[in-house]
Amino acid sequence: MKRFNSELKRLRLLSTGIFGINKQTSKEIGNVIDDIFFYAGYKSEDKHKLFVRFYILLTLILTITILFFKFYVPFLAVLVYVFIEYSLVNKKIIKRCQNFEEDYPAFLISLASCIKSGKDPLQALELVKDLFLDSSILKQKLLEVLSNIQEGMSEEEAINNFARDIKHPDIDLFRVAFILSRKEGSGLYKPLRRLTKVTRQRQGFRRKAKAAVAMQKVSAFGILGSVIFIALVQMAMNREQLFQAIASPIGVRLMLLGVVFVAVGIIWMLYMTREKI
């Protein structure tokens with residue numbers, strides 16, 4: 001009974017910590033989560049499925065906690081699940097950005113060439129979109145801009161919404177240059193050429209950085225391979241002693257602690273060498 005009361009007290013403290021957040025902080029957290037889903041291209045149905053999975057897992061974990069009175073195991077399971085889901089969503093954000101950037105320099109050069117030949121910027125957008133495949137994210141964003149203008153949205157607002165859900169550092173510069181050129185009547189050819197140069201320099205620097213950190217990534221996986229190799233050697237050469245260590249409460253805890261340290265180290269190395277340029 002004392003154990004049950006202590007676990008119940010822990011759950012109450014956890015709930016107080018979760019729901020005791022003030023409204024402003026809760027709103028900021030909600031905005032951050034919305035931005036993550038927005039950049040990942042998640043629709044309302046995708047978010048609904050994700051939250052349903054999370055609530056089902058949370059229900060199972062609370063059930064296990066109540067039945068077995070083991071608080072730390074379900075809590076760690078929730079943290080691992082949240083980390084995995086966040087990694088998948090973040091990976092999708094990076095992939096969408098990379099797919100967009102593959103066509104972005106060609107888009108800028110083609111648009112600049114059309115404008116230099118005397119085409120209106122909107123006519124140039126109409127012509128440039130046909131240069132890309134239907135599966136291209138950039139073409140989809142161009143179609144959205146042209147569709148919004150045809151439906152009555154102002155040109156400035158439509159351009160301002162161009163690729164808004166793509167987390168790319170150079171898109172804001174394109175929007176500003178396009179809108180200012182339409183407002184002030186200035187030329188758009190030279191700004192587009194400069195943007196092309198900046199984007200290509202960024203891509204070149206990213207390739208160099210990726211090559212520079214490749215050895216660190218290999219080292220991280222090498223450490224993991226060494227740990228697995230040592231475990232297999234112990235299993236083959238000294239199986240009885242290994243099983244005795246696992247059967248011992250102190251031994252299994254030390255092994256789990258070692259696995260956690262290795263996992264945290266590898267994740268940290270991969271996180272530090274992940275390209276964010």
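Author: Let's start with a term: contact means heavy atoms within 4.5 Å. This is a predicted model, where local features need pLDDT of at least 70, side-chain atom pairs count only at pLDDT 80 or more, and totals for chains, interfaces and linings use all residues. Residues are numbered from 1 along each chain as its sequence is written, and side-chain values use heavy atoms, with hydrogens and water left out.

Reader: Which residues of H9 and H10 meet?

Author: Helices here are DSSP runs (H or I, at least four residues), numbered from the N terminus. Lys210, Ala211 and Ala212 of H9 meet Met215, Gln216 and Ala214 of H10.

Reader: How do I describe two packed helices?

Author: By the angle between their axes and the distance between the axes. Axes are lines fitted to C-alpha atoms over the stretch in contact, with angles from 0 to 180 degrees between N-to-C directions. For H9 (residues 189-212) and H10 (residues 214-237), the axes come within 4 Å and cross at roughly 35°.

Reader: Is Thr199 buried or exposed?

Author: Buried means under 20% relative accessible area, exposed over 50%, partly exposed in between (1.4 Å probe, protein chains only). Thr199, in helix H9, is buried because its relative accessibility is 0%. Beyond neighbours within four places in sequence, Thr199 touches Glu101, Tyr104, Pro105, Leu108 and Asp170.

Reader: And what about Leu58?

Author: Leu58 sits in helix H3 and has a relative accessible area of 31%, so Leu58 is partly exposed.

Methods. Helix = DSSP H or I, 4+ residues; strand = E, 2+ residues; numbered from the N terminus.
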